[in-house]
Amino acid sequence: PYCRFLDKRVATRKGQPMTSLWRTSGWLMLGASLVLALSLGIRHGFGLFLPPMSAEFGWGREVFAFAIALQNLIWGLTQPFTGALADRFGAKRTVIVGGVLYAIGLGCMGLADSPMSLSLSAGLLIGIGLSGTSFSVILGAVGRAVPMEKRSMAMGIAAAAGSFGQFAMLPGTLGLLSWLGWSVALMALGLLVALIIPLAAMLKDTPLPLTGQEQTLGEALREACSHSGFWLLALGFFVCGFQVVFIGVHLPAYLVDQHLPALVGTTVLALVGLFNIFGTYIAGWLGGRMSKPRLLSALYLARAVVIVAFILTPLTVWSAYAFGVAMGLLWLSTVPLTNGTVATLFGVRNLSMLGGIVFLFHQLGAFLGGWMGGYLYDHTGSYDLVWQIAVLLSLLAAALNWPVRELPVARLQQQEANA
């Protein structure tokens, strides 16, 4: 296939033998994994700050929920642009700028004392920072560094590392919160996320070599926008964003409302992070052997079943833990499958940008899930309606992904025939 031909050409560019390239890819994979672990691990614990900040300032839950929803919206809106920069200039510079803004945003969030300052720090600054240090930029670099037949697995490994960060950082975040209080804890997390800046040196990602036949950004966008599979993937990813952000932000408070100890909510989110490691790895492995869109449909159907079982069975500590395990296996398993499908359809040259556009839909869903959880709770006194919406959206996402065909676009097929 053309992609395999292109990977072979990339593997030997600048006279590098294949063994040397694999050493370089190994370091890049390690750096990518560490950056994702820090970036996503710290973000995964933001829901722990909802109760203390809301209580100290007398806010309803909607204020904090809106700031985190805005963060996800800004993250999504800026992701295609940071992705395009990474495609053209490499991931290293993009990650450095993102790490700086992320660290500054956490420091300013620790000083926030009004809805406006919370939205500017947690929403605007951290949102832009995440767009430069998370999946689209990092997985785009990984996708360019490995052969096509290894791509789904490599993306699964990198996503699994981000999941380990979610598991490992939650107890640390809770410990900082209990020891230092929410304000100083956020500043300490800002210092920790600053480690992303030196780690970016490991991301020796370079754009693919020019051949004189490259698409312009406009041509790449027109090609993707005219492909029905691109939009079906994007709309399905909207559902993923809605569910994971609603659960990540509101589940600890939901469990406290149900008279479970606060530690249970932290433990459930930690279990999500732990079992997400296995879920993303398995999804990446299966994605190299089975239809990725069909796997996505199965994942969304499984999410619907898990959520229905959780809200209909009597809630106990152990049922909450079981929910964390089950959702963890399904949490970010969608990421390597979705990005891997985009790479198969359109190639890897513009993968960070195109993946960023698909991710924008994820973040639109994330904005709605995060904000709606707080809004409906403040107006109805419960999260019941949001859980029901999450189930219906799962069924919709399963239907959207099913008809996507995993075939390269005509341009790639023609290039393969000419190679």
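This is a predicted model: local features need pLDDT of at least 70, side-chain atom pairs count only at pLDDT 80 or more; totals for chains, interfaces and linings use all residues.
Residues are numbered from 1 along each chain as its sequence is written, and side-chain values use heavy atoms, with hydrogens and water left out.

**Aromatic rings**

Rings of Phe, Tyr and Trp (for Trp, the six-membered ring) pair if their centres lie within 6.5 Å, and planes under 30 degrees apart count as stacked, over 60 as edge-to-face and the rest as tilted. By this rule there are 20 aromatic pairs. Select F237 and F359 to begin: because the ring centres are 6.4 Å apart and the planes stand at 65°, this pair is edge-to-face. The two residues belong to distant parts of the chain, 122 residues apart, with F237 in helix α11 (residues 228-257) and F359 in helix α16 (residues 351-380); helices here are DSSP runs of H or I with at least four residues, numbered from the N terminus.

Next, select F310 and W387, an edge-to-face pair with 5.5 Å from centre to centre and 65° between the planes. This pair also links distant parts of the chain, since F310 lies in helix α13 (residues 292-312) and W387 in helix α17 (residues 384-401), 77 residues apart. F310 counts as buried at 5% relative accessibility, as does W387 at 2%.

**A charge over a ring**

Now select R294 and W402, where the charged end of R294 sits over the ring of W402, 3.9 Å from the ring centre. The rule asks for NZ of Lys or CZ of Arg within 6 Å of the ring centre and within 35 degrees of the ring normal.

**Cysteines**

How many disulfides does the structure hold? There are zero, a disulfide being a pair of cysteine sulfur atoms within 2.5 Å. Select C108, partly exposed at 33% relative accessible area, and then C225, partly exposed at 38%.

Key
Buried means under 20% relative accessible area, exposed over 50%, partly exposed in between (1.4 Å probe, protein chains only).
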